[in-house]
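Please walk through the structure shown here, beginning with a pocket and moving on to a pair of helices and the aromatic rings.

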Amino acid sequence: NNMDAVVNSNILAALAANDIDNAKGIEDATKYVEKKSGKKKYRRVGSYYPNSYHFPYALSEAYANGANDLEVSANNIVKNLLANQCKDGSWESRRKLNKRDRIQSTAYALNALINFGNYNKRNTTDAIEAGIQYLASKTIKDDSGVHWEGGVFFAGGTVVRNNLIWKSDAFTTVIILKAYSNYLAYLEST
């Protein structure tokens, strides 16, 4: 099996959400994601999750759930996210597979910045505000209600990742609604 930083982050998030801090492998998983968080690009750290910002989102979920020993990873990711935000407030994913997706990428990155907290210390307030404005500008309102255009959220692994992909307006909309919910909690905390 391929090592996958998103899967390891999801496991750390689930363990932390259930207050399990002594399971076998936690230390190794933490070291693994810490190593991956130091990379300048995250497009290949998740075998099945081809969006460059899925890893920051998944790791931030573990952090927000109380996973211990992720502060170095949080700092690495926040630094990376701030360095890669586009002028219009969005984040852009890979050219080839995700066709430079900005909507889902922004939702992942925005959730990550909010989940990592310490907004003043991390200097993320302006980036969060810009990300929220970008997503608001991409809202689709039609007869079915309000939604956003879906991005690639899952691929068939390293061998067929460019040919076997799944996109979903519903999944992307849920991630954005989560960002809005997190944003409301963020506003209440500032």
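What volume does the second largest pocket have? The second largest pocket has a volume of about 300 Å³, where a pocket, on a 1 Å grid over the protein atoms alone, is an open set of points where a 1.4 Å probe fits, with protein on both sides within 12 Å along at least five of seven lines, and a volume is the space filled by probe spheres set on the points, which are joined across faces, edges and corners. This is a predicted model, in which local features need pLDDT of at least 70 and side-chain atom pairs count only at pLDDT 80 or more, while totals for chains, interfaces and linings use all residues. Residues are numbered from 1 along each chain as its sequence is written, and side-chain values use heavy atoms, with hydrogens and water left out.

The lining of this pocket (residues with an atom within 4 Å of a point) consists of 17 residues, and Asp21, Ile26, Thr30, Ala67 and Asn68 lie nearest its centre. Two or more lining residues come from each of α1 (5–17) and α2 (26–37), helices being DSSP runs of H or I with at least four residues, numbered from the N terminus; α2 gives the most, with 4 residues.

Further along, helix α3 (residues 54–64) packs against helix α4 (residues 71–84) at an angle of about 145°, with their axes 10 Å apart; axes are lines fitted to C-alpha atoms over the stretch in contact, and angles run from 0 to 180 degrees between N-to-C directions. The contact (heavy atoms within 4.5 Å) involves Phe55, Pro56, Leu59 and Tyr63 of α3, together with Glu71, Ser73, Ala74, Ile77 and Leu81 of α4.

The structure also holds 6 aromatic pairs, meaning rings of Phe, Tyr and Trp (its six-membered ring) with centres within 6.5 Å, where planes under 30 degrees apart count as stacked, over 60 as edge-to-face and the rest as tilted. The rings of Tyr42 and Phe55 have centres 5.3 Å apart and planes at 70°, so this pair is edge-to-face. Tyr42 sits in the loop between α2 and α3 and Phe55 in helix α3, so that the pair links distant parts of the chain, 13 residues apart.
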